[in-house]
Amino acid sequence: MPTPPENRELSPYTGWTRAHWETTADRLLLAVRPHASPGGGLIDLPGPRPSRSGARSDGLEGYARTFLLAALRAAHGDDPHGHLDRYAEGLAAGTREPGTEGPDAWPRLADTRQAFVESASVALALRLTRGRLWDRLDARVRERTVDWLLPALGPSPVDNNWWLFGLTVAGFLQDAGIETDRAAATVDRALERIEKWYLGDGWYSDGDNRAFDHYNAWALHFYPVLHAHLSGDRALLDRYGPRLRAQLDAHTRLFDANGAPLPYGRSLTYRFAAAAAPWLGALTGHTPLTPGATRRLASGTLRYFLDRGATDARGLLTLGWHGPYEPVLQTYSGPGSPYWASKGFLGLLLPADHPAWTDPEEPLPAERADTVRALGPTGLLVQSTAADGLVRLHNHGSNHVGDPGTDDPGYSRHAYSTRTGPTTGTDPADNHFALLAADGTATARGPATPLGTGPDRAVSLHTPLPGVRVVSAVLVHGRAELRAHLVLGAPEGTPVRLTGWTTAPDGPTSQLHPVHGYAPEVAELPTGATLQGPGPTRTPALHGTTSGPATLFAALVSLTAEPAPAPVAQLAHVQVTGARALTVTWRNGTTARIALDAPDPEDQ
């Protein structure tokens, strides 16, 4: 299939047009065809391992998520490769004998929890193509499909964004005039549940925790707002649309000039699903982006991954980030999981003459000016620099707590960027402050309690060991960071270590400079592959020891893709102005002061 020619007049940043999106969708859909079961009910994709739900569930996932892509591709009646006909055949085959060992049989929702997730993609695809597919199906197939979907109207088996899968199934059933009272109750129950997690400024926690990640954009806003739009429910859209706009004001700042979304959190193998919410903003009008900037973001993200090996020689999306990379996966990840990226094609719901397709591309927030911004109630602070288009995220309050004493690399680091990846496995943790045991073992960070953010700073508290607390703070300006840590209650002479940004020889420049409390030498720790690419990589580190009941440590840090950057020590002058306070004068003459104060343990 030939690649359409680039149009650098319309799309000066990416060269891509709607034709590129349509061609890419067709290529992805044609590539999975050889892996369909005899009747097309399952798409059994090759991969390094099955998910924890098993091969049959993975086959359903392969069908459901690519069915959504086919529905988006054919949304305006253009289906030159007959994708919808094939998925209609698969629907009939998959629902014929669900729960059996038949070659096409789908697992039942009551038996396989993951099927609850996939029911949403099936229902959304049916909703988007109702007149062209659902209404033309044999009555027996429609009846079987409804029987398979109905259990999704019950309570969610997982108490997080999964409530919205039932909402999505309910929305289709309402449109189709099926079990409308039950469906309406399901919608109301789901929205009532996620309301408890809405913290303001466009941010939900993903359940009863402080997990703030890409699920805000591609799930917690995506499903309610799209449902309101498809339902024509103006009251619902008036409620949830402004929340989407607020979320996009933050989300769109997390994209690099090179198109990369910030690799932070879980399910990163969904890749360009990160473009779904910006497209949804254009679809509904609830967006801070211009139409041209929306397409620039989305096309840049799609190109970013395709240009870096997201698909293999067969044209299949792999489990990883650029290419295959197992450490970025979760136990629920299977060979069909990457096709959640189908959501990133939501822009194909917009007609070809929509300004998002016809206006010239415009620059992203990260390309316009240096920016430092606190992200609402999350404890996250975004820092971007226009000279290199690089985005950094400082984490002082978002958590995804796993086993005690362990850290999830996708959530626990003090900082993330669009051009570095967290170290994993046995490698020393990057962007981490730790107390060191006698054998060199580093403490985990554990849950971080936010203590506040401001226009240029973020502060948090964590407890790495019983009776030991660490107050951590960052002040940023341009590409420079001042990172400070106050250790409280550690035994005299406890070794500590601060690590900086992990980079490869052909990557950006990572700088680390001791200011207070650390020894003058900067060590280089050998580290291996990250999601950005193979090793070797290097991770700078500083070492020190505690002294007394409270010990302050401070360092200047920088990550930049500027050529021949000045040393970070030249970007700021730092003074210790008290046992727990620092004053920094940046290179432009502006000053900032920060005091590291910990709340009384009795008040926590």
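How many bridges join strand 11 to strand 16? The close-ups below take up this pairing and its surroundings in a predicted model, where local features need pLDDT of at least 70, side-chain atom pairs count only at pLDDT 80 or more, and totals for chains, interfaces and linings use all residues. Residues are numbered from 1 along each chain as its sequence is written, and side-chain values use heavy atoms, with hydrogens and water left out.

**View 1. Strand 11 and strand 16 run antiparallel and are joined by nine bridges.** Strands (E, at least two residues) and helices (H or I, at least four residues) are DSSP runs, numbered from the N terminus; two strands pair if DSSP finds at least two bridges between them. To find your way along this pair, look for glutamate 481 opposite valine 557 of strand 16. Histidine 485 has phenylalanine 553 in strand 16 as its bridge partner.

**View 2. Strand 11 (residues 480–488) is covered on both faces.** Nine of its nine residues are buried, so the rest of the structure largely encloses this strand. Buried means under 20% relative accessible area, exposed over 50%, and partly exposed in between (1.4 Å probe, protein chains only). In a regular strand, side chains alternate between the two faces of the sheet. Here, one side carries Ala480, Leu482, Ala484, Leu486 and Leu488, while Glu481, Arg483, His485 and Val487 lie on the other.

**View 3. Strand 10 (residues 468–477) and strand 11 form a hairpin with two residues between the strands.** These antiparallel strands are joined by nine bridges, and valine 470 stands opposite valine 487 of strand 11. Have a look at glycine 478 in this hairpin, which takes a positive phi near 60°.

**View 4. Strand 16 (residues 550–560) also pairs with strand 13 (residues 509–516).** Seven bridges join these two strands, which run antiparallel. One handy landmark is glutamine 511, whose bridge partner is serine 558 in strand 16.

**View 5. Threonine 95 sits in the loop between helix 3 (83–94) and helix 4 (113–128).** Threonine 95 counts as buried because its relative accessibility is 1%. A polar atom of its side chain lies 2.8 Å from the backbone oxygen of leucine 91. Leaving aside neighbours within four places in sequence, threonine 95 is in contact (heavy atoms within 4.5 Å) with Trp106, Arg144, Thr145 and Trp148.

Note on methods:
A polar contact is a pair of N or O atoms within 3.5 Å; within protein, one must be able to donate a hydrogen and the other to accept it, and residues adjacent in sequence count only if both atoms are side-chain atoms.
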